Amino acid sequence: MTDGPVLVVGGGPAGASAAASLAEAGLPVLLVEQRDALGGAIHRQPAPGHAHHIRLPARHRRNWAALTARLSTTAGRIEIRTRTIFLGVDGQGRFLFDDRAAERVFACRPRAAIIAVGAVETIRPFPGWERPGVMTAGGAQVLLKETGRPPQGPILVAGSGPLLLAVAAQLAEAGNPPVAVLERGRPWRAPGALAQLGLSGGLVGEGLGYLARLAASRVPYRTGAEVTRAEPQGDRLKVVIRTGSAEDVVQVRHLLVHDGIAPNRTGIPLPAPDAAVPVLLAGDGREALGADAAILDGRRAAMQLLARFGRAETTTPAEERGLSRARAVQTALAQALHAEAAPPPPETLICRCEGRSYAELAALPEDASAREIRLMGRFGLGACQGRFCGPMIAALRGRPMPAAAPPRWPLRPVSLAALARLTTDETE
Amino acid sequence: MPPSPSLHVAVVGTGIVGAAAAHFLAASGARVTLLDATGPAAGATGASDGAVSVASKRPGPMMDIARHARAFYVRCEADGLFRGLFHRRSTFLVARTPVEAELVAQHGADLAVAGERVEEIGRAALLARIPGLGESVCAALEIPDDGHALGYEITERLLQRSRVAIRRDAPVSEIVTQAGRASGVAIRQEHLAADAVLVAAGIGSSALLGLGDILIPRKGQMAVTDRAAAGRPAIDGHLMAASYLAAKRGIVRDNAHIGLVIDPLMTGQFLIGGSREDHRDDHATDAPTIAAILRDALDLYPPLAERRVLRSFAGVRTASRDGLPILGLHPHLPGVAIATGFEGDGICLGPLMGACAARLLLGVPAGIDLSALSPQRFASAGGRP
């Protein structure tokens, strides 16, 4: 299969950039996106009937406009399929997709694949994180982008990382500033890392802009503070906050938590640039470096593939330099915000799909196999198949979650009837 | 004969059979070292349905032994060992064509001859028990005394109760002999001395004992759905299609054949299987096979259309050339016992077979007729053991 399309999975900045770069070089591309429109988490479009209220920083808007323009210029060579969810690769190398509009699963054998499925949010679990009213800050941000409306009632934003500031500022902009932003780290105690960040330009400007927006709405930004417990109280959440050795309690309607992002690798095939059907990863799904780097990384992956097909030089020094800079920023951020993690209380829920606690995780043998963790522990066995709980489990056990071998599909729950209606591009 | 207090047995394989053997050996005072190339229930035990079913067994010794094995589950449930892990439930043998109806009737007659309770159930009565059943179902039998247990849960319980330490990541490469008798096993560079060795390593037994022309890997692909009910089986029994009986009775031998079973798990999920792919020992699943299984399952039980598939997976059954398990002392190598070749019946047979293997090693009569399973049958036919 030499003239089939190159598959690009994910229509965020990395996938769009990869697709445009491949199409510009003359290759046909199949670009699949799980949502109704391209854009990824950062450029999530409003749901039908909702207006766009969340304005991203100008840099991001310009970047996306440029990518969209490149995609329209090369539209003749790019087939875009939206509402199409990547289900993984089966044991015979078929790439599987859930076509939600057609209500059927289709399989294809592309010429090559670039997988750009973004990152997953991570959280540090505490008792009550699974309660109604608690959600991830990134999830809340996506809802805000889709509906233009912030959650109603008092909101607390807690965890670690720059996303806390962005979400809080966007909530303020949308008319419901949070009661506080709690940052677990103590960046002021890491002046070296802060100085490093100061040299990084755009990102720091963005962060300062958010801080200014929060100051204008009188939203306190507390560092060295973390949530240790949340429990329902009427239609509110009682949230216990620890700052050093002091504890205080706030009552809120919504608690938004976030502790960074990690590449979404659960069930994703391993990169195999030299295989008969080359597979490359790109964007936050390869290395979580953020939206600017994702555009470079999508182009880097496309160039690598073009080189493999003898259509371009292998080296992409401009992209590599940009990625190095982004990596330096992320490293400095991680240093500035680093906070030691104590094990959570035993009753803390770890797997919300199957209702499994930290005590049950800790009871597993240290060298438990992937199958023991799944079958005996019942971790990673539910609807998320470990996509959300996997990084938590890895962090708590201090070792990577052993991968199921071979990788399991479907990556997402899929309608049994749709899977039974499987169609393939094969002539069998 | 009381066991020698110093008897040390190396059990190779920590599936349901190895775990049961270790448990009953330890209970009799033997010292046991339990070894597995990866970890407990890593093979077919952890990748199978939960049918403790006589209904599916081939007439003859298998059917008889399965009745003993199921009774053993009932006893272990009653005495506490398997408490909470074994549940009685009916198996429904269902036919969707006149030819299948004949097969089901024949199988029902064979079960009755073996002493099994078999009840004819008309379409209307069956629909009352399992609402939504497909229109193509034209005949069915109920086998009311069958049961359900999950192999990995039984394995875990056996290991917990016996307190036998298991050595993970301990691949046995060789059985070491001294003066014509097993003296231990080799694990990488290590020699582990033992008075006797039990090989219960599924398809891994093949390389260890040179059974390559006797044991056949048979891959089965399956799918698991989301919950149709909360914390209880979603339907009142195990659905076993005539296509499964046809495979078990050796009427169909075809790698594309689906022997359909729909197993309602205690979690409210469904486990749906499966393919029967001879000479395949990988754990990969492919979309066309899974889709074929699901289409067949939808025909038998259309309400599955409301479910979502959470995962697909494959297990590798170890079948012997003649379709019967291999259980007994090695014909040429004193100090070695073999327990493998349970094909898709290891969950049903495993605990009893492990207990019988323990008795053989201890020199105690097994208590049931296991002559049909003896490895001797391959020795006389010119096989290697």
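In the unreviewed UniProt entry, residues 8-360 of chain B are listed as "domain: FAD dependent oxidoreductase". In the predicted model, this stretch of chain B is 30% helix and 29% strand, and its end C-alpha atoms lie 14 Å apart.

Within chain B, strand β20 (residues 326-329) pairs with strand β21 (residues 336-340) in the antiparallel sense through four bridges. In this pairing, Ile326(B) stands opposite Thr340(B) of β21(B). The two strands, β20(B) and β21(B), form a hairpin with six residues between them, and Gly335(B) in the turn adopts a positive phi of about 90°.

Between the chains, 31 residues of chain B are in contact with 27 residues of chain A. On the chain B side, α5 (151-162), α8 (287-300) and β19 (308-320) each supply at least two residues, and the largest share, seven residues, comes from α8(B). By class, this side of chain B has 16 nonpolar, seven polar and eight charged residues. Strand pairing also links the two chains: strand β21 (residues 414-415) of chain A runs antiparallel to β19(B) and is joined to it by two bridges. Here Ser415(A) stands opposite Arg308(B) in β19(B).

Technical notes. Residues are numbered from 1 along each chain as its sequence is written. Chains are lettered from A and ligands numbered from 1 in the order in which they are written. This is a predicted model: local features need pLDDT of at least 70, side-chain atom pairs count only at pLDDT 80 or more; totals for chains, interfaces and linings use all residues. Two strands pair if DSSP finds at least two bridges between them. UniProt positions are given in the numbering used here, feature names are shortened, and annotations may be inferred rather than shown by experiment. Two residues are in contact if their C-beta atoms, placed from the backbone, lie within 7 Å. Ala, Val, Leu, Ile, Met, Phe, Trp, Tyr, Cys and Pro count as nonpolar, Asp, Glu, Lys and Arg as charged, and the others, Gly among them, as polar.
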